[in-house]
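Please look at how two protein chains meet, and read the paragraphs below with the picture beside you.

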Amino acid sequence: MCASVKYNIRGPALIPRMKTKHRFYYVTLFSIVLLGLIATGVFQFWPHSIESSGDGGVEKRSIKEVPVVRLPAASPIPERGDLSCRMHTCFDVYRCGFNPKNKIKVYIYPLKKYVDDAGVPVSSTISREYNELLAAISDSDYYTDDISRACLFVPSIDVLNQSPLRIKETAQALAQLSRWDRGTNHLLFNMLPGGPPDYNTALDVPRDRALLAGGGFSTWTYRQGYDVSIPVFSPLSTEVALPEKAPGPRRYFLLSSQMAIHPEYREDLEALQAKHRESVLVLDKCTNLSEGVLSVRKRCHQHQVFDYPQVLQEATFCVVLRGARLGQAVLSDVLQAGCVPVVIADSYILPFSEVLDWKRASVVVPEEKMSDMYSILQNIPQRQIEEMQRQLSLSETLLFPQICFSSNLQEKRTFDVATGIIFGIARWFWEAYFQSIKAIALATLQIINDRIYPYAAISYEEWNDPPTVKWTSVSNPLFLPLIPPQSQGFTAIVLTYDRVESLFRVITEVSKVPSLSKLLVVWNNQNKNPPEESLWPKIRVPLKVVRTAENKLSNRFFPYDEIETEAVLAIDDDIIMLTSDELQFGYEVWREFPDRLVGYPGRLHLWDHEMNKWKYESEWTNEVSMVLTGAAFYHKYFNYLYTYKMPGDIKNWVDAHMNCEDIAMNFLVANVTGKAVIKVTPRKKFKCPECTAIDGLSLDQTHMVERSECINKFASVFGTMPLKVVEHRADPVLYKDDFPEKLKSFPNIGSL
Amino acid sequence: MPLWRRKSFWLALSVSWLLLILLGVFPLRLAVPPGPLPGCSQGWPRWLDAAFLQSFSQSETLPKDAPQLSQAPRGSSCTWGACFDTSKCKGNALKIFAHSPAGTTTEAHRRILDSLEGSRYYALSPTEACLHLFLPSQDHTCGPLPPYWNGGRNHLVLSLYPAPCTRLGQAMVAEASPSLDIFRPGFDVALPYLPEAHPLQGGAPGQLQQHSPQPGATLLAVAEEKGRWRIIDTHASTCPWGKHCEQDPGLHQTHPGETLPNATFCLIPGHRSAASSLLQALQAGCIPVLLSPRWELPFSEVIDWTKAAIIADERLPLQVLTALRDMLPSKILSLRQQTQFLWTAYFSSVEKVIHTTLEIIQDRIWGTSAHPSLMWNSPPGALLALPTFSTSLKDFPFYHLQQGSSPESSFSALIWVGVSSEPLLKLIQVVAGSRYCAQILILWSSEKPPPDRWPETTVPLTVIEGRRKASDRFFPYGDISTNVILSLDAHSTLSTSEVDFAFVVWQSFPERMVGFLTQNHFWDEARGAWGYSTEMANEFSMVLTTAVFYHRYYHTLFTHSLPKALRTMADDTPTCVDILMNFLVATVTKLPPIKVPYGRQHQEAVPLAAEGPGPVPEPQPLAQDCFSRVAAGFGHMPLVSSRVRLEPVLFKDPVSVQRKKYRSLEKP
């Protein structure tokens, strides 16, 4: 209807000379044709348009159409796996070569169907999971479609499960891959190795030097540092969504949910149940289920029926007992439920054990100790159990809603992980490495990547720490407790524009400090040349002048090559009131606290409850949280951080506003070290804008408003308030003590 | 005209139908752009029939039959669970008995036995032990097997050098840099390759004296034969090692060891004989770059070597060099610091190496209650952080930053009473007056029975009966409910202000001791020994534990980690516990204690430690003697001096007293 109306309106213009009656015929006719065309189009392309959305350019074919490869009976078979293989003996690193991104390139062979001489297929073409796995690799940064540039090759021959495989023919199929070369740099994924009656713990298909990502390695088959131990994927991971559950005591202390358990082990478990009654639950498969109920999703204890895997959430500890194979899919279900796995499988190599610290998330009990399991578990303190549960599970929703913390930014650091539980829990280990085939595939490639590019490897903390710990923890870049030798001395950096007279006085004063080893003047005035060399004061240490390209405040914090000492004294060109004793003492204090800002004038930030934002304070307060860098000692590493690692747009903001570079430095150091500043020596009059107040109160107030704005701006960029408030300052041991002045190391302190 | 109209009408109709039919027959040709040719696919295809694929485990019927029960362990393939019987260790405590070594006792054996005797794991008789130490002789016979051998079960074969004989039954092997082919991870222990003259105790500190990422030029040193190093420049476009290098290695100088501390990276070839270079590099703070090592790195079971070293592939010289050259200063900085931490914590003396080995085995016995990885890999290290204290890292004073937690906000006052006297009541009131005080504990060590009535306080007051030993005051009493302790003496005279301020300062330095009265140590040339003085001075290195804040953990450490001989000695001389505690905390922190102002300093310049009346101008000879003996017992001087006192921000400033928070601190 709509269309015809439209045409009616446009009709006169298109066919002006026709009569209304004829026009009606034509219009109807064209409408029918158009509708027909639309209908045809829709009918023909409807199903495809849905499928093709989102993956443009990817080939669409049917699996039934893959090319068939005939394997002659006499085609070569690879050697059996070489147990002595290590990365440096069996892996060809030359294929990986130099790579600025430090990422290996992975090639996937195209899918083929292999048949033997008689035309009988070697195996089913590909499983759903292996297809997913290859698709995940193909979508990742590792993928390359250029076989000649690849460093790692993944065959599309599915060996995830060994049972349906024809061992010899599968091996032959591997051997005829175009770059096979004894399996060098080839990666095979296998989750269910072995077959009856022995159930070997690694894939039985001869595979020569190929790396194996296997789901049931034992210590005898696992080639440490070469193979990768992976989990056995549980299909329930995608089928069932278990709600997050807070750590804490649960209904059952110990639960066993597996169905195929060796009778002797089942006896042991049932003995435990008989002994501890309510707190232990041993489940088995249900024998009396009505038709149509999925037996995989039910477990029974006598006549009681439980939903699986939901029942796992009712237990603190869940038994993961080896069956015929060491690797069990139940491990994944248990982790998903936030239950602490009790792994009873001697010699089993836990999934991703090369990088994951399973001590933090599981209990391993030797098989022969099974009957003592209960008492072993009871000896674990409840707090530790909660931490384990936490390891398995941590909330995504905890992505620190900074807005809700904004009124209370100061608290973020003290945010106890325990309170994270209140917010609800997701499964961390499971979420990161177990929950999907993709997660498993990517973790495997990451492990191999880390071996090849060790200098770009992911750290223990990144693999193991749940997100909340990563957010709240601080790793101090200067963590080694160390007092640097006094002999090193410090470099004074004076930022100046054109106050030459005052600058020369500062230079003369500072040069009297015994530990000064070099003086660096940063000449920030591009319009004027620094004074002639002969005019500068003659001092006992080298004096260098650095000319800058632009008048920027951040030039003060540039990591100049001229700085050879660890300690840096940043000093303004008008700070002439500090005595030599005070400066020398400041350096001594810095030596004792080399990871902190050690400065003279102290400042404080306060929360303004009326305005609901931060406020800058320069009054005589009992607390300090910042020191001004107009006169402060700090480690030169912070210059590097300020110049290259300052978060957000702070650096540009400071240069644009020509203010607050010192507040930015205070934020940076406190954020990275988690420590407070140290204010040294008593307060005295400084020639800094906010304490002179010569130009009247109004200027002073504008200044305070600007500084407060800086604090609020930086707190929002950092997403937290890193500054720490302390109530102490540092003075010499005998400061103002009843002691002969001439015997004091630093007598001239605090004089105005 | 109607005819023409009808004709055109039918024509249009048939054309449109034709179009429709055509479209219906060849729909794909028209609509879908020609797909990529087979063979040059872009990525893994999205199969049209992917939904019909079967799951890999669907065809799997559950294996009915049984897994075989535990296989009998074979010697060559022992694992911890299979070859070590933990039930022999009562209460999960490792006790090790050393059989007298086979054959002649060598110097190496003697040093091992000496370190063992100082350890808390030492067992006096084989019956109480759950681990038996076997020291093989250095010839190929290994010497006769000890009694109780039992196939090697629960035995540790320990050799500071590569073990002379191969695997012995079910015994664990701890040897220097074992070859990867025979090393059994989680069962054997890899030891460092120690030089002949490695000190038994204490050991030299790390040579890195500053945190800087690059001291001077970026230098690269390559380990060569016999502990020599060759210095090269990474900027030269040469490949520095191996036969893959076709170019001329260029100019290089050969230097002996002393230039090593200047190098940033130390390349160590992969063959086993180069393993001894690792320790040299560690000590020098030179980041070890291990080129495809064929030997297991020392204590790899617990030490995360990726934090201190770079394990690179020797086949990629240019790539490795580029990576080293481009390494971020932040990474270099942290790697270098970690080398120093590892060196001091685990490698600097034979004793540390042996104790670390035992600690690893104890960790295996503990299982889940073992040291978490963070304890092994961050200061002060696992030998000084006892997991028996707590399984939660937040309870320790060292890990607040890494854990994102903060120290507690209330303390327990622990008052040691030797002779009952009047000030005690006053002291209780002063302490209870602090708003941070959570409880008061009276440690009654007097001969007289404690009084029946105690003053009414706002906080709970508990009386503990001491054993009348000086070390009582550092016993980890279960009654202490907070992590912070204010240790006091009945004679201490403090004000509430002082207590409050000191506690607030402690919160900033939870791993250190925060005290009021200090002492100093010095090297006495005349006596050729360490001495100490209680005089007022510009420096201090110890605080008196008669009025001091510290973390409760140090009680556990004092009682469980100090050698028994030292603790017994301290019991004989009461002032000695003070010294001992200061040594212990300094060993852990490597930093001086913190001093806060003490109002009565000038009145009682000499402290409250000694029970006797009146000031004592010089420490008693007994205490002086104790000091030297403690220093000898530690094997090195851990005390560090400080010249700083922390005071309230407005301390003695020319500003109205009303503005000051801790005004009573300034009263004369």
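In this predicted model, 148 residues of chain A are in contact with 135 residues of chain B, where contact means heavy atoms within 4.5 Å. The size of an interface is often given as the accessible area lost when the parts come together. Buried area, taken with a 1.4 Å probe and summed over both parts, is about 12700 Å² between chain A and chain B, and carbon and sulfur atoms give 58% of that area. On the side of chain A, the residues A:Tyr455, A:Glu727 and A:Val733 supply 7% of the area that this chain buries against chain B, more than any other three residues.

Charged groups also meet across this interface, for the rule finds 9 salt bridges between chain A and chain B, a salt bridge being a side-chain nitrogen of Lys or Arg within 4 Å of a carboxyl oxygen of Asp or Glu. A:Arg729 forms a salt bridge with B:Asp653, and their closest N and O atoms are 3.6 Å apart. Helix H2 of chain A (residues 20-52) gives the largest share of the side of chain A that touches chain B, namely 11 residues, helices being DSSP runs of H or I with at least four residues, numbered from the N terminus.

Residues are numbered from 1 along each chain as its sequence is written, while chains are lettered from A and ligands numbered from 1 in the order in which they are written. Local features need pLDDT of at least 70, side-chain atom pairs count only at pLDDT 80 or more, totals for chains, interfaces and linings use all residues, and side-chain values use heavy atoms, with hydrogens and water left out.

Terms used. Buried area is the accessible area (1.4 Å probe) that two parts lose on being put together, summed over both. Helices (H or I, at least four residues) and strands (E, at least two) are DSSP runs, numbered from the N terminus.
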